[in-house]
Amino acid sequence: MVDRPLNATEDRVAGSVDVARALRDGERALELVGTFDPHILLLDLKLPKKDGVSVLKELNQRGVKIPTIVISGEGDIPDVVQTIKLGADDYLRKPVDPTHLRVMLNNLAMHISVSEENERLRRR
């Protein structure tokens with residue numbers, strides 16, 4: 001992975017949520033969460049330095065809640081279950097089908113938009 005914009009999904013998802021960045025490792029992801037407020041986190045379980053489970057644990061310890069889709073290989077099911085328990089919203093198995101990923105991102109983005117609108121209306 002590299003620290004650069006994600007080419008395949010640089011466009012907008014569901015009209016209002018930008019897809020952020022592809023990062024080279026879990027430590028870098030945790031560094032950027034403090035300076036960048038992503039709408040959605042696509043989190044691979046097998047990252048160098050800090051794996052996906054460790055990233056989610058640390059985000060929880062910090063009190064940071066980011067809607068998350070976990071990306072896993074075939075043998076990672078126990079880890080996927082653990083990430084769901086840690087707050088991940090969904091998971092996607094490798095190899096990633098771009099059409100399925102797009103649907104998942106759109107669904108999660110719509111959920112985020114509805115939640116934000118509900119919160120805005122509650123504050124009135």
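Which helix holds Val-81? Val-81 is found in helix α3. The model is predicted: local features need pLDDT of at least 70, side-chain atom pairs count only at pLDDT 80 or more, and totals for chains, interfaces and linings use all residues. Residues are numbered from 1 along each chain as its sequence is written, and side-chain values use heavy atoms, with hydrogens and water left out.

**Strand β6 and its neighbours**

- Helices (H or I, at least four residues) and strands (E, at least two) are DSSP runs, numbered from the N terminus.
- Strand β6 covers residues 68–72 and runs parallel to strand β7 (residues 90–93), joined to β7 by four bridges; strands count as paired if DSSP finds at least two bridges between them.
- Strand β5 (residues 41–44) also pairs with β6 in the parallel sense, over four bridges.
- Ile-69 has Asp-90 as its bridge partner in β7, and Ile-69 is the bridge partner of Leu-42 in β5.

**Crossovers**

- From β5 the chain passes through helix α2 (residues 52–62) to β6 in a right-handed β-α-β crossover.
- Right-handed means that, with the strands pointing away from the viewer, the path from the first strand over the helix to the second runs clockwise.
- β6, helix α3 (residues 77–85) and β7 make a right-handed β-α-β unit.

**Nonpolar patch**

- Ile-77, Val-81, Ile-84 and Tyr-91 make a nonpolar surface patch of about 310 Å².
- Patch residues have over 30% relative accessible area (Shrake-Rupley method, 1.4 Å probe, only the protein chains shown as cover).
- Helix α3 gives the largest share of the patch, three residues.

Definitions and conventions:
Patches are made of residues with over 30% relative accessible area and no salt bridge: like charges are joined within 9 Å, nonpolar side chains (Val, Leu, Ile, Met, Phe, Trp, Tyr) within 5 Å. A salt bridge is a side-chain nitrogen of Lys or Arg within 4 Å of a carboxyl oxygen of Asp or Glu.
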